[in-house]
Amino acid sequence: MNIVFMGTPDFAVPSLRMLLDEGYHVVAVVTQPDRPQGRKRVLKPTPVKEVAAEYGIPVLQPQRLRSPEAVAELAAYKPDLIVTAAYGQILPKAVLDMPANGCVNVHGSLLPKYRGGAPIQRCIIGGESETGVTLMYMAEGLDTGDMISRVKVAIADEDTSGTLFDKLSIAGAALLKEQMPRLIAGRVQAEVQDEQQATYAPNLKREDEKIDWSRATRDIYNQIRGLVPFSGAFCFWNGEVFKVWASRKSDAASKDAAPGTVLQLTEQGIEVKTGDASLWLTRIQPSGKKQMEAGEFVRGNTMAPGTVLE
């Protein structure tokens, strides 16, 4: 069976490696175009492209998968099954209809909850204690296809989006491995999603990263860890962006101060008043600086108790 794999970030790598290591006939890999990174803007291949090169698999990197040229190039590989994992482009109908055994997707949530492009970040920001991976047939709607199988994964209180990405990528590869024999044999009994249970996880925007100190401590804590290690949450200090990369919930009773007020600065961090209590900032990044432990920042800067982080 000819298999085409579509994926881009680290999340997709364990699924691709599983297919290759188990001896499945992956005839081509489709991934996003190389992007410039760093100050020198050097083109960097995607993690999936690097794995494909390691195994000598042909790589396709169309700017737009729905272009006639990209569809024709993909059709030349005569795929019987297309497997996707965080590819990053919507598959057009011409591609969805191409393989006889369909297109299946490794999606990082327990569908029908958290459909969309940021399910892992959104479930942490939303304070979920459990998520998982759904292997599903792809359809024209946004993550609306029939579900082949699901596996649950617990979210630890200290998990960030980064650690949860790792857990779910491994769980997704294991789920795909378990279901591949059924997919090839055509013995899948897929389940239709319950539309009334559907929720959405759109890609994050700048406003999702901004801290509102009037919210509850738990909500801000979840927001911060849900944005690590990608964009980070931020507020403003002296009119400049002040990013927060790690925090710790406070057990102390709420103090009489406006939300956003710095209550104290110690080697353990910066305690900031929230809507219901306070939050310790333990890893921060002032504008124009690198990330640093809050204790290091406290020793060398002018922030003082009573400062208001906007």
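## Strand E7

Along strand E7, the side chains of Cys 103, Asn 105 and His 107 point one way, those of Val 104 and Val 106 point the other way, and all are buried. The model described here is predicted. Strand E7 spans residues 103-107 and is mostly covered, with five of its five residues buried.

Strand E7 pairs with strand E6, residues 81-85, in the parallel sense over three bridges. Within this pairing, Cys 103 of E7 is the bridge partner of Ile 82.

Strand E7 is also joined to strand E8, residues 130-137, by four bridges, and these two strands run antiparallel. Here Asn 105 stands opposite Met 136 of E8.

## The setting of Arg 225

Arg 225 belongs to helix H8, which covers residues 217-226. Leaving aside residues up to four places away in sequence, Arg 225 touches Ile 124, Ile 155, Ala 156, Asp 157, Glu 158, Asp 159, Thr 160, Ser 161 and Arg 218.

Arg 225 is buried yet has no salt bridge. The nearest side chain of opposite charge is that of Asp 157, 4.3 Å away; a salt bridge requires a side-chain nitrogen of Lys or Arg within 4 Å of a carboxyl oxygen of Asp or Glu.

The side chain of Arg 225 does reach backbone oxygens: that of Asp 159 at 2.8 Å and that of Ala 156 at 3.2 Å.

Conventions. Residues are numbered from 1 along each chain as its sequence is written. This is a predicted model: local features need pLDDT of at least 70, side-chain atom pairs count only at pLDDT 80 or more; totals for chains, interfaces and linings use all residues. Side-chain values use heavy atoms; hydrogens and water are left out. Buried means under 20% relative accessible area, exposed over 50%, partly exposed in between (1.4 Å probe, protein chains only). Two strands pair if DSSP finds at least two bridges between them. Lys and Arg count as positive and Asp and Glu as negative; His and the chain ends are not counted. A polar contact is a pair of N or O atoms within 3.5 Å; within protein, one must be able to donate a hydrogen and the other to accept it, and residues adjacent in sequence count only if both atoms are side-chain atoms. Contact means heavy atoms within 4.5 Å.
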